[in-house]
There are 2 protein chains.
Amino acid sequence: MSLLSPALASRLHALLGEGWRTDPSERLAYAYDNSRRHSLPDAVALPATREQVVALVRACHDARVPVIARGRGTNTTGAAVPVAGGVVVSFERMNRILDIRPGDRCAVVEAGVLNGDLQSALKPHGLFWPPDPTSAAYSTVGGNLACNAGGPRAVKYGASRDNVLALTAVTGTGELIHCGTATTKGATGYDLQRLLVGSEGTLALIVEASLRLTPMPQARRALRALYRDVSSAAQAVARLMAQPVTPSMLEFMDGDAVRLARDVGGADLPPEAGALLMIEADGDAQTLPFAIEALMRAAEGDGLVSLDDAADEASREKLWAARKALSPSLRTLAPGKINEDVVVPVSRIPQLVDGVQSLSREFALPIVCFGHAGNGNLHVNLLYHPEDAAENARAHAAMARVFALALSLGGTLSGEHGIGLAKREFMPQAIDAPTLAMMRAVKAAFDPAGILNPGKLLPD
Amino acid sequence: MSLLSPALASRLHALLGEGWRTDPSERLAYAYDNSRRHSLPDAVALPATREQVVALVRACHDARVPVIARGRGTNTTGAAVPVAGGVVVSFERMNRILDIRPGDRCAVVEAGVLNGDLQSALKPHGLFWPPDPTSAAYSTVGGNLACNAGGPRAVKYGASRDNVLALTAVTGTGELIHCGTATTKGATGYDLQRLLVGSEGTLALIVEASLRLTPMPQARRALRALYRDVSSAAQAVARLMAQPVTPSMLEFMDGDAVRLARDVGGADLPPEAGALLMIEADGDAQTLPFAIEALMRAAEGDGLVSLDDAADEASREKLWAARKALSPSLRTLAPGKINEDVVVPVSRIPQLVDGVQSLSREFALPIVCFGHAGNGNLHVNLLYHPEDAAENARAHAAMARVFALALSLGGTLSGEHGIGLAKREFMPQAIDAPTLAMMRAVKAAFDPAGILNPGKLLPD
């Protein structure tokens, strides 16, 4: 049974022309995201203009039909899966870069521009937009903003929310709002633009963004530091973050991750390495050696096994090989993987990793930790056999304990993946009842009929 | 006629003990702020705990009595003036620094901690909190957050909103909410903490803040660049901001400001200087020379009259003397001053200054521009005789045109001072009706009875 009345369907068909799709095979193509979950929408809309988005949302609002914004579906939490049916609005046709103003360090883009395409367009100007999720080549700016995407560079340059100046968006009643100004400072009313970032399409549909750009450093250089154990590595992370040279990346691998990268991935790592840090600095050719020197000094300390400096880009690639060898290796442990990106204050990384290791023993399941140590944002990868019902249940019970652990350490559920469907049941543990009620009130202010991406982010 | 019933007054007296003040002289001391406006509150509350704030707001909510949060009243917009009466809540007793965690680059403070006291406490840890408004020594962190205070350092390190991790606050219904987590990344629900920053006490009362700290640079060095005219200086600003070394300060003075600093302030400035940039870099002793070199290269160009490098702290102070000589000199032009801090994209600074100069001619009133050029955030100082009714009216008409000019250049009303009472009538020009309606809906979600700082920020 379609949620769309024939009258609404024909109204939206007239609005969108061949950008209106109700064919089952088309709907199937927009039913999923990278969470492996799926649910068929009633229709797919491919608007080409903001005016079409406004008209579409107004029609859906009047008919109380769900509207689900979609970039390219690369998110991992189910945030783009239309669990309640309705109309998926894909921004693939709104993919123009409208303006690049180097002197203002600003680019204005439509929501459907790919992150990678934007970076290519910025390169000749010597600028970049900092968010660098793994999916950057094929994820959209609008999707990055909706999920507050980060990546390794966030430790120095911030995540999506830190790199947005202004947004144009369509609320749940179909009002077009203009949030913020394309200036790097502003104290004119409420900051609605950063509120929309990370709201996963539940407050408004972003149609245009003015992004804050950063001048591209001329050079970069990487260090690989091996430590006896996680605790020594975590101490080094705290030392690295407490001195003035902020690394442009600071990635961590625990003992299991190091072992996997060596034994399965073939990375050149000595057996005594119980943890690894990839440390990178960027800058100009003249000052980079001093930055690397400062980072080396901070990396040194009790438990350091070896410290390698990749003086050129080829050596850098070799150092990164250990990190890249990791993800494919994980599948050798078990076919199923739950990958959650909890975040804790940097000083609590040792307790997080220790706690995860003891959960791994308690639940008899391998759990491998690696990720963005400079932000305390670790990817906790639990490996299991999904077809084994008991192991499946154990895996999910263990993950619930990982969340509880991160929260008990002053951290939170997600650093950059978001909540979507995957973690909403844990929201009441992370956020107390009055604050959740406040979030619900904010949701109702933007979307009184509750048509925008229902069933996501906030728990029932 | 007091808005406080005897029952409410005695309930609040019982709650706050001698932290409850209704004596007229006490009320007078909390009636004003740095805007020169004043209005008597019905009472002043000096809570010592968040529990007292919760109980106070609940009682005032039930009785529909206004509640006005107050730091130290240093803001310039009237945001702390209790125009509708009610209870001023001064946070002067909630002034504890609760925690400093250098490895996490985080400090946890009560709202009433002075910015200057925090900086002193951070110094031994080699850390600082970036917001540096002129009032830093005697303004509170809570007030800085409420107004999204900035300062010269914002060009490199961001304003208040960019340097907050988590907030604990009391909403207009007296609910205690916990917004955000003390981690540098987060994608767990709506970002209420940055929404509260800059909301001028109209959404909630901030009682505790987890602040993002930055390692203190070991050294700094200043340049003074003089240009033939504003346009040459503005071109230099765009060049400076388009290269990778972000200055730690980038301050601008227009031709009138240069003339005043020289003729009245006694600063050592040649007559051919039609504009001035103070450019500062920070870093460590080894890399600072390279940063200064990069900034000098960017500062050079058409219209440069002279470029002085202050190699030591004494020379730096001498360079800054020109800037500091300015404010006292302004009063020699006329006794009255309207100082507004409009902001435009950096590339539009020449048009802003040109436009302001022609407004100065049109209205026959001196207008002097200086300020934070790296953010496009200029302080436009209009000098006039307030007691002359015609001139008074002309001054305010001219200022309205300055706002219209900034908006026409893609800028906005305020970069760091906020809206308060002073600019709320201009909000409908800056923000379109659907977006203002959305802001009102957000206000209603946090403060359904409208008791928090009524008459501020949003227009009637």
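In which sense do strand β13 (residues 249-253) of chain B and strand β17 (residues 367-372) of chain B pair, and over how many bridges? The two strands pair in the antiparallel sense, over three bridges; pairing requires that DSSP find at least two bridges between strands. The model is predicted, with local features requiring pLDDT of at least 70 and side-chain atom pairs pLDDT 80 or more, while totals for chains, interfaces and linings use all residues. Residues are numbered from 1 along each chain as its sequence is written, chains are lettered from A and ligands numbered from 1 in written order, and side-chain values use heavy atoms, without hydrogens and water.

**Sheet of chain B**
- Seven strands form an open antiparallel sheet in the order β15-β12-β14-β13-β17-β18-β16; strands (E, at least two residues) and helices (H or I, at least four) are DSSP runs numbered from the N terminus.
- Strands β15 (304-310) and β16 (336-340) of chain B are at the edges with a single partner strand each, so one side of each has no neighbour in the sheet.
- Glu251(B) has His372(B) of β17(B) as its bridge partner.
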